[in-house]
Amino acid sequence: MDLTTNSLLLTWTVFTPFLGLTAILALLALRPALRLSQKAVDEASRGIGMIAAVVATALSIALWVDFDAGTSNLQFIHRFVWMKAWNIEFFLGVDGLSLSMVILTAVVFLVGAIASLPWLGKLDSHHPHFSGKRVPGYWILLLLLETGVFGTFASQDFFLFYVFWEVMLLPMYFLIGIWGAPSRKDPDGRTRGGPYAAIKFFLYTLAGSVLMLLALIAIYYASAPAMLADGTQGPHTFNLVHLTAQAKAGVFTGAKAILGVPFVHLVFVGLFLGFAIKVPMFPFHTWLPDAHVDAPTPISVILAGILLKTGMYGMFRFNMQIFPESLAWASWAIGIIAVINIVYGAFVCMAQKDLKKLIAYSSVSHMGFCLLGLAAMTSTAVNGAVFQMVGHGIVSPMLFLLAGVVYDRAHTRDIEGFGGLAQKMPEYTAITGFAFMASLGLPGLAGFVGEVLVFLGAFAAHDGIFRVLVAISALSVIITAGYYLWTMQRMFLGPFNHRWDHLSDMNWRERITLYPLAVATVLLGVWPAPVLDMVRETVNTLMAGM
Amino acid sequence: MLSNLLAIGPELALTATVLLVLIADLLIGDRPARRASLATVAFAGLAAAAAAFALLPDGGPSAFDGMVSGDGLGRFFRGLFLVAAFFGVAFGALSDEIPARRFGEYTILLLSTTLGMCFLVSAQNLLMILLALELTSLPSYILAGFRRGDRRSSEAALKYVLYGAAASGLMLYGFSLLYGMAGTLDLAKVGPALNASAAGGSVAIRAGIAVAALLSLVGFGYKIAAVPFHQWAPDVYEGAPTPVTAFLSVGPKAAGVAALIRFVVVGFGASVATPPAGGLPWPMLLGILAMATMTLGNLAAIPQDNVKRLLAYSSIAHAGYLLMGVAVGTPEAIQAIALYMPIYLLMNLGAFLAVLAVRAKTGSETIAAYRGLGTRSPFLAVCLAIFLFSLTGVPPFAGFIGKFYLFAAVLKAGTPFFYIVALVGVLNSVVSLFYYARLVKALFLEASPTGAPVVAVPFATTFLLAVLAIPTLLMGIWWSPLASLAAKAAGIAE
Amino acid sequence: MTIGLPQYLVVSGVLLALGLFTIVTRKNAVAILMGVELVLNAGLLNLVAFSRFSGNLDGQVFALFGIVLAAAEAVVALAIVLQVFRAQRSVDASKASDLKE
Amino acid sequence: MHDVAPVLQDFPLLFLIPLLPLLGAVWNGVMGKTMQRRFGHAAIHLPAILLPAGSFVIALWSFLTLAGAPHGTSMINHLWTWLPVGTLQAEVTFLMDRLSGVMALVVTFVGTLIHVYSTGYMKDEPAYWRFFAYLNLFMFAMLTLVLGDNFLLMFVGWEGVGLCSYLLISFWWRDREKATAGMKAFVVNRIGDLGFSLGVFLLFWGLLTTPASPAPKGHDDPHGVQAASHQAEAAPLATSIAFREVEQILQDPIKRDRIVNRDILGMGMMTLICLLLFVGATGKSAQIPLYVWLPDAMAGPTPVSALIHAATMVTAGVYMVARLHFLFTLSPVAMTVVATVGALTALFAATIGLFQYDIKKVLAYSTVSQLGFMFVAVGVGAYWVAIFHLMTHAFFKACLFLGSGSVIMGCHHEQDMRKMGGLRKLMPITAVTYFISCAAIAGFPFFSGFFSKDEILWKAFDSGNMLLPGGGVILWAITAIAALGTSFYMFRSYYMTFSGEYRGAAAAHGHDAHAAVAHVAAHADPHAVPADSHDAHGHGAHAPVESPVAMTSVLAVLGGLALVGGYVGLPLLWGLPNVFEAWLEPIFAGTAQRVTSAGFGHGAEWVLMGFSIVVAFGGFFAARILYKDGRSPFPARLLASPSRLVQATHRTIFNKYYVDEAYNVVFVKGSLVLSRGLAIWDTRVIDGAVNLAGTIGRSFSFLQGAIDRLFVDGLVDLVAKVVQAAGDKIRRLQTGHIQAYVQGLSLGALALVALAYLLAW
C-alpha cells in the first residue's frame, strides 16, 4: 500500500481551527494599533471562531463525500519527514475509523461553539454567564483544542499522535479552570470547583500519557528498519502502517522481555492504561464527574462528546492494531472491567442528586459498552463498539446541553429541587424526554443500535465467559431505564414547584444546537448504514489481524 | 605554541573583556547611562569571545600537552556558557538588586566565573579541574553575597563559601589519592592505570580506588547540587540576588555536569556498555544518585511558597534528570544531555526573568504576588506559563523534547535497573506538574487581589522574554539544528 | 624504622579527620575555615608524599598550586565572614539561619 | 410433512399501514397545540381518526388480496437494510401473512373505533391534542410489532408500545401517583424485554456459530467459509434474522438437531431460548410474575386501558409466541411451562377479581385472567384457538372497558362500584352492551366468548404435549374454575353497577344508609376510594345521563361484534365449517405434526361443552342472587363475619396477596439502597479512601502530621497528600544551620562510599 501524499484536504481540515486561532492572535496583537474596543474584539473573536468551526465541519463533510468505503487502506495521506534524526514523519491519513471520529469531532465542536455564544435570554447580573468572560482567550483555547483532537484522530505516526494527544491537555486545563465554576468548599470538607477539577483532569491524563511515552519509546527501539517518506531507510520507525506490518511479522513478539514480563504484554498494558484513563475505565473514572460538574456547558459537551472517544480510538488504533495477541491475552480482564463500568456506573447514577453528575456517570456506563465490544473481539461487537462511540457522541452532547439549559435559568442542577417543570417548560420537557429515551437505548434511536450490536457480537464471542458478561451487563438496560425515568419523574412530572415560576422555555440558541442533534439521533437509529459501511472495512482488517 | 593559544582563544578574549570592564568601571563616572555603557563593553567582549570560539579549529588538538582538551563536548559547553554570560549580564542590568554603582564589579565577577566554567569543561588534567572549579566557585561566593547590607545575602554567601570550601577540600584529598595510585595527573591516563591496578589488585586496592574516586565525586556533586550535596542550594538561591541565582542555576551547574561526564566517562571509561571501571559500578551508583536527586527535588518543591526557592528545588530535580543521562554514559545519553542543557537554560532563565520582573514591580517573591497576573500583564503571564509547562515536559514545548531524548537514551540502555530509573523519572515529571501548575493556577485561575497594580513590564524585559520564549516553543516542534549540534558534542565517544 | 609512604598517608589521614571534626563541631565561622584549611593541607601532604615516592614531580607542582588556592579561598571566605559580622554583629555560624524552610 | 416454502408476493403499500398513524402522531405532536387553539377539537381528531382508518382500509385491501392468493403466500414490502453488519442482515421489511393479517385488522379496526370513542370521552381535556398524538404513536408502534418481518424490527415495535403505554398511563402527569404508575409499567416491561433480548441473542448465537467445531478465535467468518475443521461443518446457519428464514432452517433436521440437543446451564438450548422469550411475553402480556404493572396501569384514561391494556398491546406476548411456534414446539418443557403459567395466572387473577370494588381494576384482573387462557391455548399448541380468543377478547373486553368508561363519565368520574347502581334505567345502551359483553366473556352459548374459550378448554383437556401424563386434564380443571370465577365477577360487576338504585353522590338522601357499609369496607381496602384525580370539573349534582352518541355508537358496534364475533370459528363438532382454523392452518402447518392430542373422542368434547355452559350459567345465577339490586345481605355479612380466618383470607385476597408490597420492598428499595451504597463507596473509597487513609496514616509515624488532612481526602488525593507530606518532611531537613549542611556533606560522602561497597560486592 503506497503511502505517498495524495491530498491536502485532511491537513486543511486539521489545521483550519489553527488558522482561526492565529487570526484571533493577530487581532489581539493589532488591537492597540486599530484601537478596537473590548466589545469589538469579543465579537470578532466569536465570529472568527464560528467561521473556523463551520469551515472545519464543511471540510469534514467533503472528506466523507469522497471517502471510498470499499478499501480499508489510508486515504487523504499527507506525509513528509519531520525529524530525520528520529525517523519521525508528519503523517496524516484516515481510514473508516478515523474518519468517523473526525466528522464527529467537527460536528460536536460546531455544537460546542454555538453553545459558547452569549446566552440570548435575559441575563441576571449576579450570575455572570461564562460566555462573557475573557472571550478571545476562550476561543483561542477552544480552537487549539479542536486542532489537537483532529490531529489525534488523523495522525498515523506514533510520535505525532503523542504530541497531538498532549496538545489536547493544555487548553482543556485552562477551559475548565478559568471558565468553570468558582472553587468552593463542599459539605464533605473538600475544596472543589473549576481549578480543582482542572488540575485533577490534567494529573490523571498526564500520569496515563507518561506511561504511553515509555511504551512509545520501547516500541520505537523494538521496531525493525522501515522506509521513510523521502525514500531513505531508517533503523527504527514510528510509522503506524509499518509498525502494524512488523507486528504481524512477529517483530515485537520476538523482542526481549522487560523485567521478566514478555515485551508485548508489558507495552500493551502501558498503552492500555494511558488510554483507559481517558475512556474512563472503572478505577480511573473519578475525574469525570468532577470535570463535568465544574466545566461550563460547551466544554462538558466537547469533553463527553469527543474526548472520551480519543481513549477508545487509541485502544482500537494501537492496542488492537499492533498487539492483537495481547488483546486476546487480556480480553478476559477488559471484559470484566467493562461490565463493572456498565453495571456499577448505572447503579451509581441511581443515587446522584446533581443532574450533570448523573449524566457523567451514565457516560461511564455507556462507554463500558465500547470496552465490552473491544474485549469481545468479534467483528459485530467491534462494529457495535465503534457505532456506540458515534451514537454516544451525538446523544451525550444533547444531554449536557439540556443540563445547561436548566442551569442557565435556575443556576442549580439539584434534581430534587425541581418538580412539575412540564407545566412551565413543555418544549424543554419533550426534548429532554426524547434525549433520555435515546440514551437508555430505545430501539429506533442511536443508543439502541450500538448496544444491540455489542451485545450480539459479545454473545457470539469465542470465549464462553462473554455470554455471562453480556447477561450481567444486560441488567444495565433496566437500571438505566430506572434512573432516567426517576429523574424524569422528579424533575418534570408531579405537582409544579412554584419556586420556578420565573423559568422561561427554550430560546433559539438552544434550539439550533438541540434539534439538529435530535434529528441526527433518529437518523442514526433508523438508518445506521452510512456509519456502519464506513467503518466495516477497517474493522475487517483489524479483525483479520487477530 | 601558537596553536595552544589559539585553542584557548575564547578564554583569552574573556580575560581581555574582564580587564576592559575593570578599566571602563573606573573611567565611566556616575552618569545615568552607566549600566548601559558597561553592559555594552561586556557584550562587545563576549562578541569577541564568540568570534574566537567560531575560529576554533574543529575537533581541535588539546592545548598545553593534554591539560585542556578541545574536543566536541568542551566546545559545545563553552559556546553555551558565552550565551549564559550574555543573559547573566543582561539580567544584572535589568534587576533592581544590583546598584548601578557596583554593576561593574558584578560584571567582572560574572565573566570570571564564566572563564572558570569554560576551563572546567575542557580540563583533562586533575590539577586543571581543581583550578577551574575554584575559579568558578570563588567569584560566585562573592556574587552570592552581593547585596552588602542585606543579612540574607551575606548569610547565603557564608553558607556557600563554607560548604564550597569543605567540598573542594575533600575533592583535593580525593585527587591526591587518585594521583597516588595512578601516578599521573592526566585524566586520560588515570582511568586505564586504575583499571589495571584494580583488575589485579586485592580488595584493599579496590577499596582505595573507591574512596579516591568517590571523594573526588563530592566536588562535582556539590557543584551540580546533587543529593546529598544539595543542601546549600535552596538557601543560597533564595538569599542571592535574582540575576545571580538565575546564572548559578544554569552556568556552574552545566559546567559541573560536563566535568562529571568527562571525569566519569572519559576518565574512567564507565558506561553501561563497558564493564565496571576501576571496580566501581558507576552506572548503578549514579543511577541511584539521580533517582534520589530527582525525587527529593520534586517532593521538596511542592510545599514551597517562595517562587525562587521553588525554582531552586526544580533545578535540583532537573540536575537529577541530567544525572540519569550521565549514569547511562552511552553516546546517545551524552547527546541527550547536550541537547537538554540549552533547552534547560532557556526555560530556567526565562522563569527567573519573570520572577525578576515581578519582584521589580511588586517587591515580593511569594506565589500570592502572582495571583491574577494573567489579567494584569498577559504577555508576562503567558511567557511564564510557557516556561513552566516546558519545565514539566509537556509537548509541544522544548522541555518535552529534552526529556524525550533523555528517556529514550535511558530506555535504550536496556538493563532492568534503568527501566526502573526511567519509570521513576517519568513519575517525577508527573509530580513536578503539582508545583508548576500551582504557579500557573495562581497566574490564570485565581482572581487578582483588588487594587493590585498592573505590572507594566519594561521593553527590555519583554524583548528578552520573547527571545527566551520563542525558541522554547519553536524547538518543541523543530529541534533538528540543536540535535545535530548536540550530536557533534557527543562526538567524543562516537 | 625508616619513614616510608604509609607513615605520610597516616599523618594526612589524621589531618583529614581533624579537619572534618573541626568543621563539623565548631560554631565559629573562622574556626570552620581553619578546619577547611586542615583538610586542604591533608590533601597537599598526600600529594607531596606520593610525588616523593613515585618519582615524577607532578605532585609537587599540584601542591604548589594547591597552596595558592587555599590562600585565595581563605581570603574570600574571611571577607565574607567579615561582611556577615558587620551584618549581625557576630561570627556565629549557627545564628546565621534566617534562610530556612 | 410437506415442506411449505413461503411464496412472497410484493405488496408496495404495506409500509403505509404503520406509517399513516406515525404521520398523524407527528402532525398532532408538533402542530397539535396551535391547531387546537385556533381550530378547536375537530382539527385534532379528524386527522387522528382518518389516518388509522386509512391504514385499516389498506390492511383490509392487502388482507383480501392475501385471501385471493394461493395457499402459502404472504405479502412483503422491503424498504432498506437496517443493520448490514457482518453476517447479520437486519432488514426493515414489513410482512403480512395470514397471522399478521388477522392481527393487523384487529388492531386497526378496534384502534379506530377507540379513537372515535375518545373524541367523546376526552372532549373537555385541555391536552386533547397530546392524547391523540400518543394514541396514533401507539398505533404505529403496535403495527410495526405486528407487521415486523424479523426479530429486531419486532423488538422496535415491542419497546415502542412500552414507551407509548408509559406516556399514556402517566398522561395526567400532574398527579404523582399516576406518573409513578407509568414509570412502573415501563420498568417492568423493560425487565420482560431483557428476557426477550437475551433469548434472541441466544438464538442468534446458536444459529451463527457451530457448536461442534471450535469456532476460529472470536471470528464469525463473514464469508460463511468455516475453518477446515476435521468434520465437514456446514456454513453458519443463518445469514438473516427473518422469521421465515429461521423457520426454514429449523425444518432441516441436521441443523435442527445441532441446536436442540446442545445444552447450556443443564437444559436444552431450545428450551432456554423459549423460556427467555416467554419471560419477554410475561412482561408484555402481564403474566405471573410480571403482571403487577397492569392493575396500576388503570391510572391512565379509560380509552387507553381499552386499547392498550385490553385489546392490543397485552396480546403482543401471545402473538409473539404464536409467531415463534416453530421454536416453542421444539421444546415440550417450554410448552408445558407456558401452559401452566397461563393457567395459574388465569386462576390467580380471577380470585383477585372477585373482591375488587373499582370497576376498572375488576376489568384489569379479568384481562390478566383471559390472557392466561390464551397462553394456555398457545402452551398446548392450539395456536389458532389462541389467536381466535385474542380476537374475540379484543372485541368484548374493549366493549367492557368502554362501557365502564361511559359509566365513569356518567357518574362524574366515580370508579367505585359501591357508589353506582341502577344505571340500567339511566344508561340503557351502555347497560345492554355491557351485559352482552359480560355474557360473551362468561361464555354464554352462541356468544363469541363461548366458542373461543370452550375451544381452549377442549384443546387443553385433549392436549398430549404436556410432560406429566394427564397434564391436560389438570390444566382443564384449573381453567374451568377460572372460567367460573370469570363469569361470577363479571356479572357481579354488572349487577353492582346497573341493578338496584343509584347510590352515587347525586342520590343525596339514600347516601348515609350505605355510607356505613362503604365505610366498613373502605378501611379494609386502602385502594378503595381512588382520589378524584384529574381536574374535577364541577358537575352539577344531577343524575348520571347516557353518554353522547360518539361513545354509544362505538359501544353498539363492539357489542354486536362480541355477539357475532364467534361465528367465524364454529366448532367442527357441530359439522359447521370453521373459517378461522382453515384460514390460519397454513401458518402453523410446519409444526402441526409435533402437536399431539391425548386421543379423547367427540363424546368427551360434547360433555366438556355442556360443562362449560353449566359453569357459565352457574356463575351468572350466583352473582345474580348475591348482587342483584343490592338485596342480599350475604356480602355485608361476609365482610363483618367474626371468624378471623374469613377476615384474613378476605384481606389477603383483597390486597392482591401483598405481591406489590413484596416487590416494592425487595426490588425497588433493594436497588435504591445498593445504588446509594455504591455511590457513597465511589466518592469515598475510589475517590476518597477515608478509612483506608486513616489506617495507613496511623501506621506510618512520619506521616502523623498529615493524618488529619488525609482523613478527609480520597485515595487519589491520598497519593497527592502523601507526596505533599513527604515534601514537608524533606523540607524540614533544611534547618538553615551550616553545621547541619556540612554534616550532611560528610555523611553523604560516607554514604556514597558505603553504597559503592554494597553495589560492587
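## A tour of the four chains, beginning with chain B

Select chain B, whose radius of gyration of 22 Å agrees with the value near 23 Å that a compact globule of 494 residues would have. Keep in mind throughout that this is a predicted model. Viewed along its principal axes, chain B places its C-alpha atoms in a box of roughly 75 × 55 × 45 Å, and its secondary structure consists of 20 helices and zero strands. Of its 494 residues, 70% count as buried, and among the contacts in chain B with a separation of 6 or more, 79% join residues 24 or more positions apart.

Still in chain B, select residues 103-122, which form helix H5. This helix of 20 residues reaches 29 Å from its first C-alpha to its last, close to the 28 Å expected at 1.5 Å a residue. H5(B) is mostly covered, since 19 of its 20 residues are buried.

Next, show chains A and D together; of the five pairs of chains in contact, this pair shares the most contacts. The contact takes 50 residues from chain D and 50 residues from chain A. On the side of chain D that touches chain A, at least two residues each come from strand E2 (73-85), helix H5 (151-169), helix H6 (176-208) and helix H27 (659-686), and H6(D) gives the most, with 15 residues. Coloured by residue type, that side of chain D divides into 29 nonpolar, eleven polar and ten charged residues.

While chain C is in view, colour it by confidence: chain C averages a pLDDT of 86, and 95% of the residues score at least 70. Among the elements of chain C, helix H1 (residues 5-25) has the lowest mean pLDDT (88), and helix H2 (residues 29-54) has the highest (90).

Return to chain D and select Phe243(D), which lies in helix H7 (residues 243-251). Is Phe243(D) buried or exposed? Phe243(D) is buried, because 20 other C-beta atoms lie within 10 Å, and 20 or more is the cut-off for that class. Leaving aside neighbours within four places in sequence, Phe243(D) is in contact with Asp149(D), Asn150(D) and Arg323(D). The C-alpha atoms of Phe243(D) and Phe151(D) are separated by 7.1 Å, although these residues are 92 residues apart along the chain.

The last stops concern the backbone. In the loop between helix H9 (269-285) and helix H10 (293-296) of chain D, find Pro289(D); the peptide bond from Ile288(D) to Pro289(D) is cis, with omega near -5°. The loop between H9 and H10 of chain D also holds Ala286(D), which has a positive phi of about 50° although it is not a glycine. Ala286(D) is buried, with 30 other C-beta atoms within 10 Å. His412(D), in the loop between helix H16 (383-410) and helix H17 (423-426) of chain D, likewise has a positive phi of about 50° although it is not a glycine, but His412(D) is partly exposed, with 19 other C-beta atoms within 10 Å.

Note on methods. Residues are numbered from 1 along each chain as its sequence is written. Chains are lettered from A and ligands numbered from 1 in the order in which they are written. This is a predicted model: local features need pLDDT of at least 70, side-chain atom pairs count only at pLDDT 80 or more; totals for chains, interfaces and linings use all residues. Helices (H or I, at least four residues) and strands (E, at least two) are DSSP runs, numbered from the N terminus. A residue is buried if 20 or more other C-beta atoms lie within 10 Å of its own, exposed if 12 or fewer, and partly exposed in between; C-beta atoms are placed from the backbone. Two residues are in contact if their C-beta atoms, placed from the backbone, lie within 7 Å. The expected span of a helix is 1.5 Å times one less than its number of residues. The radius of gyration is taken over C-alpha atoms; the globule rule is 2.2 Å times the number of residues to the power 0.38. Ala, Val, Leu, Ile, Met, Phe, Trp, Tyr, Cys and Pro count as nonpolar, Asp, Glu, Lys and Arg as charged, and the others, Gly among them, as polar. pLDDT is the predictor's confidence in each residue, from 0 to 100.
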